[in-house]
Amino acid sequence: MKIAIKNIAGKDQGELEVKFPLVEDGKGTQAVHDAVTAYRAGQRSGTACTKNVGEVAGTNKKPWRQKGTGRARAGSFRSPLWAGGGVVFGPRPRDFAKKISRKTRSLALRKALSERLKAGDVVVVDDLKLSSPKTKEFVGVISTLELKGTTLVVSTASDKNLTLASRNIPTVALATSDSLNTYDVLRPDKLLFTKSAFEQISDRLTKE
């Protein structure tokens, strides 16, 4: 499969061969599900925590005597039945991370990219160097390339001008070719790659 290369002015600059084998329909769906689930689980902080009876501040003294008061029996101010008391079976700090194999992760990324390529949602430019860190210039590039909706821009390395120019645009996100994952590929409406970034990802998926 070949994909057209454009410059930031929207003019054709030839074609680029997709080196990695595209995943056929019906294969890799489970791998994508596993990869996205693992990624989102890894984003959870897992810091929710409540205090049990032993951790709540308070005395162990019995509130009142067992009999003769007309009130219900009580043994502690820290009882879970009381306001301000301990919590029974409340959340505790934990790690939500899920592990998937390298082959599954690679298959999921190839599947996601294959579907986006078939749908025509991938745009490749020869280079994406901005002359200034102005948002107006970057908005002009997005408009020229007809990238509507949310867009993920993938380059080989972080670029200061590109970072500053895009950070005020809520529909644009940045990523590098070595950190690109399945969730990043599936989330936006369009994917904008630099030629070198796409080649790096192709080499990476071909080797894996």
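From the N terminus on, the elements of the protein chain run β-β-α-α-β-α-β-α-β-α-β-α, giving six helices and six strands; these are DSSP runs numbered from the N terminus, with helices (H or I) of at least four residues and strands (E) of at least two. The chain is more spread out than a compact globule, because its radius of gyration is 27 Å, well over the 17 Å that the globule rule gives for 208 residues. Here the radius is taken over C-alpha atoms, and the rule is 2.2 Å times the number of residues to the power 0.38. Along the principal axes, the C-alpha atoms fill a box of roughly 95 × 40 × 25 Å.

A word on the basis: this is a predicted model, where local features need pLDDT of at least 70 and side-chain atom pairs count only at pLDDT 80 or more, while totals for chains, interfaces and linings use all residues. Residues are numbered from 1 along each chain as its sequence is written, and side-chain values use heavy atoms, leaving out hydrogens and water.

Of the 208 residues, 37% count as buried, that is, under 20% relative accessible area, with exposed set at over 50% and partly exposed in between (1.4 Å probe, protein chains only). As for contacts (heavy atoms within 4.5 Å), 71% of those between residues at least 6 apart in sequence join residues at least 24 apart.

Turning to the aromatics, the count comes to four pairs, where rings of Phe, Tyr and Trp (its six-membered ring) pair if their centres lie within 6.5 Å, with planes under 30 degrees apart called stacked, over 60 edge-to-face and the rest tilted. Tyr-39 and Tyr-183 make a stacked pair, at 4.9 Å centre to centre and 25° between the planes. Tyr-39 sits in helix α1 (residues 29-42) and Tyr-183 in helix α5 (residues 182-186), so this pair ties together parts that are 144 residues apart in sequence. Tyr-39 itself is partly exposed, at 27% relative accessible area. The Phe-193 and Phe-198 rings have centres 5.4 Å apart and planes at 85°, so they are edge-to-face; Phe-193 and Phe-198 are both buried. Trp-64, Phe-77 and Trp-82 form one aromatic cluster.

Then there is the backbone. Most residues other than glycine have a negative phi. Phe-89, in the loop between α1 and α2 (102-118), has a positive phi of about 55° and is exposed at 83% relative accessibility. Glu-146 lies in the loop between α3 (135-144) and β4 (151-155); its phi is positive too, near 60°, and Glu-146 is exposed, with a relative accessible area of 61%.
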